[in-house]
Amino acid sequence: MGMNASKLDRRIKIMRPTFTDDGFGGRVPTYHLHGTIWAHRSDVKDSEKFQSGRMSSEIVARFTVRSSAFSRDINPVDRIHHAGLDWNITGTKESADGRLNFIELTATAENNG
C-alpha cells in the first residue's frame, strides 16, 4: 500500500540555520524554526558505538512529507527537530509513489539519552 496523507501522523519542525562569525574566521550555525509540517516517520536502521569513553546510539530514519513549495525547499543544511532529537538531513528525494505527491527526507540523529 502506498503513501497517503492519512499516514502523516507526526509533527516535525524544520530548523534553518543562520551563520555568524566565530571570531576566528569560521562560521557558526544557529538554528531557528523555519516551519512545522506533518510527516510519516519510518526508521531505517540504528547502531551503537563506543567512542571517547561513552556509548552512543545513532538512528537513521526517513521522514515522508507532502510535496509543496515549502517541502521542496528543505535541504541538507536544514535540520529536523522531532521526538526531542535534532536530526541531520542527509538526503532529499521525491517519493517513488508514482505521483510525486511526497518528498522523502533521510536523516540521522544521535540518541545519547
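1. Contact here means heavy atoms within 4.5 Å. By that criterion, and leaving aside residues up to four places away in sequence, E104 touches R62, F63, T64, G91, T92, K93, S95 and A96.

2. This is a predicted model, in which local features need pLDDT of at least 70, side-chain atom pairs count only at pLDDT 80 or more, and totals for chains, interfaces and linings use all residues. Residues are numbered from 1 along each chain as its sequence is written, and side-chain values use heavy atoms, with hydrogens and water left out.

3. On confidence: pLDDT is the predictor's confidence in each residue, from 0 to 100. The protein chain has a mean pLDDT of 88, and 83% of its residues reach 70 or more.

4. On secondary structure: helices (H or I, at least four residues) and strands (E, at least two) are DSSP runs, numbered from the N terminus. The order in the protein chain is β-β-β-α-β-β-β from the N terminus on, giving one helix and six strands.

5. On contacts across the chain: among those with a separation of 6 or more, 55% join residues 24 or more positions apart.

6. On burial: buried means under 20% relative accessible area, exposed over 50%, and partly exposed in between (1.4 Å probe, protein chains only). Of the 113 residues of the protein chain, 31% count as buried.

7. Back to E104, which lies in strand β6 (residues 102–111). E104 counts as buried because its relative accessibility is 13%. Its C-alpha atom is 6.1 Å from that of E94, 10 residues apart along the chain.
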